[in-house]
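Below are some notes for a colleague who has the structure open. They are set out as numbered points and can be read in any order.

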Amino acid sequence: MSSNSIINTLTRVGIAAAGLLAPVAAFAQEATETATEAAPAAAAAAINSGDTAWMLTSTVLVLFMILPGLALFYGGLVRSKNMLSVLMQCLVVSAAIMIVWVVYGYSLAFSNGGGLNTFVGGFEKLFLSGVTPDSVSGSIPEYVFIAFQMTFACITPALLVGAFAERIKFSAVVLFCILWVTVVYFPMAHMVWSGDGALMWDWGAIDFAGGTVVHINAGVAGLVGALMVGKRTGFGKDMMAPHSMTLTMVGASMLWVGWYGFNAGSAAAANGVAGLAMINTFTATAGAVVAWCVIETVARGKASMLGAASGVIAGLVAVTPAAGAVGPVGAIVLGAIASGLCYFFVSVVKNKFSYDDTADVFGVHGVGGIVGAIGSGIFAATSLGGVGYAEGITMGAQVWIQIKSVIVTILWCGIGSAILYKIVDMIVGLRVTVEAEREGLDLSSHGEAAYHS
């Protein structure tokens with residue numbers, strides 16, 4: 001056969017083979033395109049629109065707790081010359097932590113596979129690397145979960161600023177809070193909420209919405225700050241009564257409303273657990289308010305607005321770790337117990353030891369968080385109306401787990417916070433001058449006044 005014949009034959013064979021393989025190639029391309037299209041479709045199928053809608057709402061409710069709820073609550077408790085300083089601290093701290101959360105906070109708090117150890121997550125989600133609109137967390141988009149948890153990271157340092165209000169530098173507050181969430185908050189969130197391989201998660205600690213992570217953390221850090229910053233000039237001599245109980249009442253009410261996002265939102269779904277957390281947020285707070293008013297009436301002869309507002313916060317704090325584990329009646333009792341103990345710390349212990357916790361951050365958040373964390377282990381029992389314990393766990397065993405978690409939180413936060421306050425003091429200084437403090441932080445730190453005569 002000539003070379004031309006061979007070439008012609010091979011050409012005809014090639015054309016025939018190409019014709020036979022064309023449908024196969026077309027099918028492969030179509031399969032690839034189908035698989036590419038199927039990935040977002042699968043993600044969309046995993047997302048529950050009802051759960052997503054509730055979590056979007058809950059996220060906004062928690063932001064409402066901070067701004068304007070917490071800001072107005074604390075603002076009303078300080079003297080009028082320091083009103084704007086507290087508002088500024090809550091606002092700017094929240095904004096700063098939002099940026100930190102996106103850059104590295106979410107990764108440190110909720111990375112599991114690449115976690116550094118049982119205490120803190122890893123770095124694989126720095127700058128939210130790998131997260132897309134199609135990423136899913138449970139039954140909601142991961143971006144929604146990130147935003148929801150971001151509001152928790154914002155409110156926790158905002159809570160502790162009430163302990164040393166009226167005498168700390170604005171720059172010191174912002175710097176401390178950034179360092180504090182990095183060293184204290186993110187590891188605590190990882191230990192309690194991030195899943196397998198995290199210390200307190202592995203223990204089986206009950207902390208539905210942040211008794212340890214948020215309230216004990218903030219309370220202990222606030223107490224350490226109050227001690228290290230020192231007392232306000234004239235403390236114990238000058239009149240330092242709240243300048244506006246009206247604003248404090250408004251702020252407390254906003255906190256109560258927003259707390260439904262905080263507690264019921266921690267179910268991460270629109271389901272029966274969210275419903276349980278919601279009704280417990282009603283009943284525990286009601287029990288705490290009534291208990292505080294009764295105690296004040298017996299002890300002082302009159303129930304005060306400040307006391308009732310404090311009861312609101314005490315009840316909300318106490319039920320936070322227990323919201324998804326206890327029954328509505330148990331929540332009433334838990335709120336009442338927390339209210340009584342918080343009252344004792346605010347009115348007796350603080351006076352006895354003469355520490356200047358301006359807004360009673362430790363007395364209410366710290367003590368209420370401890371009561372709620374330990375009480376969760378008791379009132380979760382089915383015999384007391386709770387949802388019960390994990391298989392093989394008794395009440396005594398669960399209470400011991402809760403106590404261990406409280407101890408770890410106090411030590412981690414107390415030691416870490418003390419070191420960070422010292423570092424901030426060396427860098428920018430913690431305290432304003434006596435002259436600036438007497439003038440008021442509104443004018444001396446921000447050059448403006450909340451009120452004009």
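1. Which helix gives the most to the lining of the largest pocket? H11 does, with five residues. The model under discussion is a predicted one. Helix H11 covers 328-353, and helix H2 (49-77), helix H9 (272-300), H10 and helix H12 (361-379) join H11 in each supplying at least two residues of that lining.

2. The volume of the largest pocket comes to about 770 Å³. Its lining is made up of 30 residues, and those closest to the pocket centre are Leu306, Val346, Lys350, Thr358 and Asp360.

3. Asp360 deserves a separate look. This residue sits in the loop between H11 and H12 and has a positive phi, near 55°, without being a glycine. Asp360 counts as buried because its relative accessibility is 15%, and the cut-off for buried is under 20%.

4. Ala268 also has a positive phi, of about 60°, although it is not a glycine. Its place is the loop between helix H8 (245-264) and H9. With a relative accessible area of 31%, Ala268 is partly exposed.

5. The peptide bond from Leu67 to Pro68 is cis, and its omega is near 15°. Pro68 is placed in helix H2.

6. The largest nonpolar core has 115 residues, and the ones that touch the most other members are Tyr74, Trp180 and Tyr185. Helix H5 (residues 170-193) gives the most to this core, with 14 residues.

7. What does Trp180 touch, not counting residues up to four places away in sequence? The residues are Thr156, Pro157, Leu160, Tyr185, Asn217, Ala218, Ala221, Cys413, Ser417 and Leu420. Tyr185, named here as a contact of Trp180, is also part of a cluster linked by ring pairs, together with Trp101, Tyr104, Tyr106, Phe110, Phe145 and Phe186.

8. The count of aromatic pairs comes to 20. Among them is the pair of Trp101 and Phe110, with 6.2 Å centre to centre and 80° between the planes. This pair is edge-to-face because its angle is 80°, and the cut-off for that class is over 60 degrees. Trp101 is buried, at 0% relative accessibility, and Phe110 is buried too, with a relative accessible area of 12%.

9. A further ring to inspect is that of Trp203. Lys404 lies over the face of Trp203, at 4.3 Å from the ring centre.

10. How many cavities of 30 Å³ or more does a search of the whole structure find? The search finds one. The largest cavity has a volume of about 40 Å³, and its lining consists of Val192, Ala205, Ile206, Asp207, Thr212, Ala373, Gln402 and Ser405.

11. Is Ser310 buried or exposed? Ser310 counts as buried, with 13% relative accessibility. This serine belongs to helix H10 (residues 305-319). Leaving aside neighbours within four places in sequence, Ser310 is in contact with Trp292 and Val364.

Conventions
Residues are numbered from 1 along each chain as its sequence is written. This is a predicted model: local features need pLDDT of at least 70, side-chain atom pairs count only at pLDDT 80 or more; totals for chains, interfaces and linings use all residues. Side-chain values use heavy atoms; hydrogens and water are left out. Rings of Phe, Tyr and Trp (its six-membered ring) pair if their centres lie within 6.5 Å; planes under 30 degrees apart count as stacked, over 60 as edge-to-face and the rest as tilted. Buried means under 20% relative accessible area, exposed over 50%, partly exposed in between (1.4 Å probe, protein chains only). A charge sits over a ring if NZ of Lys or CZ of Arg is within 6 Å of the ring centre and within 35 degrees of the ring normal. Helices (H or I, at least four residues) and strands (E, at least two) are DSSP runs, numbered from the N terminus. Contact means heavy atoms within 4.5 Å. A nonpolar core is a set of buried Ala, Val, Leu, Ile, Met, Phe, Trp, Tyr and Cys residues joined through side-chain atoms within 4.5 Å. On a 1 Å grid over the protein atoms alone, a cavity is a set of points where a 1.4 Å probe fits but cannot get out, and a pocket is an open set with protein on both sides within 12 Å along at least five of seven lines; lining residues have an atom within 4 Å of a point. Grid points are joined across faces, edges and corners, and a volume is the space filled by probe spheres set on the points.
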